[in-house]
Amino acid sequence: MTQADLKKKARGIRNMVLDMCVAAGTGHVTSSFSSVEILVSLYHGGILRYDASNPGWEGRDRFILSKGQASPLLYAVLADVGFFPREKLNRFCKADGIFGVHLQNDVPGVEISSGSLGHGLGIAAGLALAAKMDKKSYETIALLGDGECHEGSIWESAMFIGHHRLDNLVAIVDRNRYCVTGCTEDIVSLEPLGKKWESFGWEAATIDGHSFDEIFHTLGAIRSRRGKRPLVVIANTVKGKGVSFMENKYHWHGLAPKGREAKTAKAELTARMEEP
Amino acid sequence: MNTISMRDIFFDAVYSEAKKDRNIIIISADMGAPALDKFRRDLKKQFINVGIAEENMVTVASGLALAGKKVFIYAIMPFVTSRCYEMIKVDLSLMNLPVTVVGVGAGFSYDDSGPTHHSTEDMAIMRTLPNMTVLSPSDIFMTARFAKMACGMAGPSYVRLDREVLPTIYDKDDDFSSGLSRLKSGKDLMIISTGNMVHIALDAAKKLSMHSIACGVIDLYKVKPINSALLLKNIAGIKRVVTLEEHLISGGLGSAIAEVLADNNRMVPLKRLAVPDKYYYAYGGRKNIQTLCRLDAKSVTKEVLDWLGEERKT
């Protein structure tokens with residue numbers, strides 16, 4: 001896919017996520033929107049190895065969505081690349097649906113159940129360690145929220161991964177700077193975030209998490225990282241990216257727009273579909 | 001006389017299985033054991049020490065299990081259960097993964113170490129988890145068998161090991177698939193117990209027989225799922241039931257038995273003997289704490305006699 005195609009794809013995915021959440025009246029729209037370019041790069045951009053017709057394929061890379069509240073985004077992406085029919089998205093949070101607000105691992109293509117924060121990095125460590133033990137070549141990539149980095153368990157796992165030099169593991173922190181009730185730096189400061197990871201034995205890269213250029217520059221060659229320290233990518237993003245009135249507004253956390261706001265959001269995203 | 005601890009026989013048995021199956025992994029949260037030294041030496045690639053980081057131990061175990069490993073995680077009981085409980089819930093129970101939580105130090109095993117190291121809540125919290133099997137052995141032969149059983153389980157399990165070296169009750173080749181054993185019959189009263197307290201139950205039953213009370217003893221070693229049908233069969237026609245455990249009164253074995261009785265419309269008088277609703281900073285050994293809790297054989301006998309006396313009056 002060309003960059004123009006990926007951009008178009010990202011806009012399409014935002015539309016899908018919005019439609020799902022508006023129809024359901026719930027879902028973490030803004031948490032999903034900040035990670036769109038990251039997931040599109042992974043799944044549409046060819047970074048991850050997977051087989052949508054065989055979700056349990058042994059050789060697949062393991063993508064661990066530790067920030068499980070972004071489940072609408074992962075579900076939309078998985079449907080879009082063919083893990084299950086797109087119609088399932090219309091049943092998000094419905095009685096006859098197969099998924100809801102937080103991630104569940106019985107959905108084709110999903111590796112873990114999450115929603116409780118601070119779990120995914122340790123699980124990723126176990127998967128990466130097992131790959132080393134069994135001499136398997138899959139990569140393990142975990143996407144964390146930045147607010148999630150307030151969890152102590154993240155740092156237990158970070159220390160463990162650094163110690164074991166799991167070079168087959170990449171953590172991406174969606175640094176949208178907002179958690180539930182405000183800015184991370186006002187609540188409990190995370191900065192200097194990259195330095196924290198480095199001091200735990202990681203290599204840290206900071207990028208614009210909405211720039212395909214920067215994402216591919218950092219993640220495009222993860223398979224050639226053998227012998228290096230584990231990689232964390234601090235992806236600076238905008239929470240709610242794509243809908244002007246939701247961007248960087250923490251009170252939109254966990255909410256789907258309704259009524260007039262839903263229409264405005266849809267109109268904005270639709271208009272952007274035509275952008276180059 | 002037995003000189004082997006549950007911990008050592010358990011890890012010895014895991015070692016034997018792990019030698020045949022490289023997918024068996026042990027993770028320790030900086031805890032040692034002679035049997036683990038051997039494991040660490042001979043099966044280096046199957047042993048991980050995560051340091052004093054129990055939450056990470058559970059999440060790493062979950063990831064390993066997702067990749068096809070059979071994982072044992074090991075620490076002092078409160079730290080491998082209540083400390084990382086939510087990790088166990090989400091990453092083992094909810095995802096239904098083959099990880100065995102091995103806790104050492106049931107009840108007041110770590111006597112002088114105080115309430116931080118006492119484990120008097122674990123049965124309550126672990127048995128409430130869906131998919132979880134809860135095993136509470138009363139001797140080393142059963143413990144060794146549980147290690148082997150755990151290696152073949154498809155879902156999560158929890159093994160509640162005592163730290164004290166206990167006498168044996170069973171034979172090496174006994175079968176423990178039914179979930180409970182009736183060790184002694186008695187039509188007046190049945191004491192249902194688990195773990196170390198089975199030994200005290202047997203002692204109390206003997207003392208009660210001197211008062212012409214025919215007291216039976218059931219060792220309920222599978223606390224979840226309980227084999228209710230077999231349990232009810234074993235207490236059919238028995239006049240009274242006593243539960244005995246070194247665990248807080250709320251939520252443990254006594255509660256589990258009360259649930260079975262209530263759910264099966266079996267309205268037999270029930271007395272629950274357990275740790276009162278408080279913590280114990282008490283020294284001078286486990287027996288001393290048991291005496292303070294009225295869980296030693298003499299106190300248990302007295303409690304039962306008092307209860308029977310009250311029953312007779314009413």
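# A tour of chains A and B

Start in chain A with Glu58(A) and Lys136(A), whose side chains meet in a salt bridge at 2.8 Å, N to O. The two residues are 78 apart and link distant parts of the chain. Glu58(A) lies in the loop between helix 3 (36-43) and strand 1 of chain A, and Lys136(A) lies in the loop between helix 5 and strand 2 of chain A. This is a predicted model, and a search of the whole structure finds 32 salt bridges over all chains.

**The sheet of chain A**

Next, select the strands of chain A. Here 5 strands make an open sheet, with parallel pairing and the order 1-2-3-5-4. Colour strand 1 (62-65) and strand 4 (203-208) of chain A: both stand at the edges with a single partner strand each, so one side of each has no neighbour in the sheet. From one strand to the next, the twist averages 20°.

Move to strand 2 (residues 140-145) and strand 3 (residues 169-175) of chain A, which pair in the parallel sense over 6 bridges. To see one of these pairings, show Ile141(A), whose bridge partner in strand 3 of chain A is Val170(A).

**The interface**

Now display both chains and select the residues in contact: 21 of chain A touch 24 of chain B. About 1,800 Å² is buried between chain A and chain B, with 62% of it on carbon and sulfur atoms. Pick out His119(A), Met133(A) and Glu156(A), which together supply 30% of the area that chain A buries against chain B, more than any other three residues.

Two kinds of polar link can be looked for here. Across the interface of chain A and chain B there are 2 salt bridges. Select Arg22(B) and Asp134(A) to see a salt bridge between their side chains, at 3.0 Å from N to O. Polar contacts across the interface of chain A and chain B come to 7 residue pairs, counted with both residues at pLDDT 80 or more.

Then hide chain B and look at the side of chain A that touches it. Helix 5 (120-133) and helix 6 (152-163) of chain A are the elements that give two or more residues to this side. Helix 5 of chain A gives the most, with 8 residues. By type, the residues on the side of chain A that touches chain B divide into 9 nonpolar, 9 polar and 3 charged.

**The sheet of chain B**

Bring chain B back and select its strands. An open sheet of 7 strands runs in the order 2-1-3-4-6-5-10, and its pairing is mixed. At the edges are strand 2 (47-49) and strand 10 (222-224) of chain B; each has a single partner strand, so one side of each is left without a neighbour in the sheet. With direction ignored, neighbouring strands of this sheet are turned by 20° against each other on average.

Within this sheet, go to strand 3 (residues 70-76) and strand 4 (residues 99-104) of chain B, paired in the parallel sense over 6 bridges. Show Phe72(B) and, opposite it in strand 4 of chain B, Thr100(B).

Helix 3 (residues 54-66) of chain B touches strand 1 (24-28), strand 2, strand 3 and strand 4 of chain B, and its direction makes about 170° with that of strand 3 of chain B. Helix 7 (residues 140-151) of chain B touches strand 1, strand 3, strand 4, strand 5 (133-135) and strand 6 (157-161) of chain B. The direction of helix 7 makes about 135° with that of strand 3 of chain B.

Conventions
Residues numbered from 1 in each chain as written. Chains lettered and ligands numbered in written order. Predicted model: local features only at pLDDT ≥ 70, side-chain atom pairs only at ≥ 80, totals over all residues. Heavy atoms only, no water. Pairing = 2+ DSSP bridges. Helix = DSSP H or I, 4+ residues; strand = E, 2+ residues; numbered from the N terminus. Axes fitted to C-alpha atoms, helices over the stretch in contact; angles between N-to-C directions. Contact = heavy atoms within 4.5 Å. Buried area = accessible area lost by both parts, 1.4 Å probe. Salt bridge = Lys/Arg side-chain N within 4 Å of Asp/Glu carboxyl O. Polar contact = N/O pair within 3.5 Å; in protein donor to acceptor, adjacent residues only side chain to side chain. Nonpolar A, V, L, I, M, F, W, Y, C, P; charged D, E, K, R; others polar.
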